[in-house]
Amino acid sequence: MKKLLVMMLVGMMSLSIGMVSNAEEPELTATVVETYQNTRETLLEKYYPEGLETLVALEAEHETFHSQRAALREERVAVYKAEFEAFREMKLSIQSDYEAGHISKEEARTEGLLLKEDFELKKEELSTLRAEIDVIIEEKIIANNALKAQRDEYRQIIREELQKDTSDEIIIADALQEGLDLLAEHIELDYYYAGLVDAVIGE
């Protein structure tokens, strides 16, 4: 029952769940993303070529993760819509049975009240589930912001080194490795918080 109820929740908040992995991230155009990726790859090629293979693997894993989660969200929303439609059809069925004389006015009223009670109960349970997921979203926002702060630090180190007449290649390489480590940590957070959401949903 809990799993079916949550599908209605997913329909109401699919966007927030869908964006949790990138919460608090600025909106990036395809051009900006491509420019950043090219710059990072160029720096790796020049200062830390052994990190290129790691970068490719991490980016592939990251893309696969988000593609799979997007597909899962679509499935959940589809089930939510089916559940909502089922309630609507049950309500119409009661009205149709009454108009056709299959049930009395009192029976129609009783069935309608039972259906309403069931729907209200589901709404209450969904509200509880949503509160649980909101907590997960907030926790991930905090975790992602912490990673973002670390990411900004290593990028600043690289910028400062590149502005010098003579750059320290070891410092740049170390900073680039830190960037790869942070990307790996970000992916781990994706899996971790997705798992928490799935646990709330009951999957």
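The second largest cavity of this predicted model is lined by Arg40, Leu44, Leu55, Tyr154, Leu176, Gly179, Leu180 and Leu183. A cavity is a set of points on a 1 Å grid over the protein atoms alone where a 1.4 Å probe fits but cannot get out, and lining residues have an atom within 4 Å of a point. Residues are numbered from 1 along each chain as its sequence is written. Local features need pLDDT of at least 70 and side-chain atom pairs 80 or more, while totals for chains, interfaces and linings use all residues; side-chain values use heavy atoms, without hydrogens or water.

- Helix H2 (30-47) and helix H5 (169-201) each give two or more residues to the lining of the second largest cavity; helices are DSSP runs (H or I, at least four residues) numbered from the N terminus.
- H5 provides the largest share of that lining, four residues.

**Nonpolar core**
- The largest nonpolar core has 29 residues, among which Tyr48, Ile158 and Leu176 touch the most other members.
- Such a core joins buried Ala, Val, Leu, Ile, Met, Phe, Trp, Tyr and Cys residues through side-chain atoms within 4.5 Å, buried being under 20% relative accessible area with a 1.4 Å probe, protein chains only.
- H5 supplies the largest share of this core, 13 residues.

**Confidence**
- The chain has a mean pLDDT (the predictor's confidence in each residue, from 0 to 100) of 83, and 81% of its residues reach 70 or more.
- Confidence is lowest in helix H1 (residues 2-19), at a mean of 45, and highest in H5, at 95.
- Where pLDDT is low, the predicted coordinates should not be read in detail.

Conventions
1 Å grid on protein atoms, 1.4 Å probe; cavity = no way out; pocket = protein on both sides within 12 Å on 5 of 7 lines; lining within 4 Å. Buried < 20%, exposed > 50% of the residue type's maximum accessible area, 1.4 Å probe, protein only.
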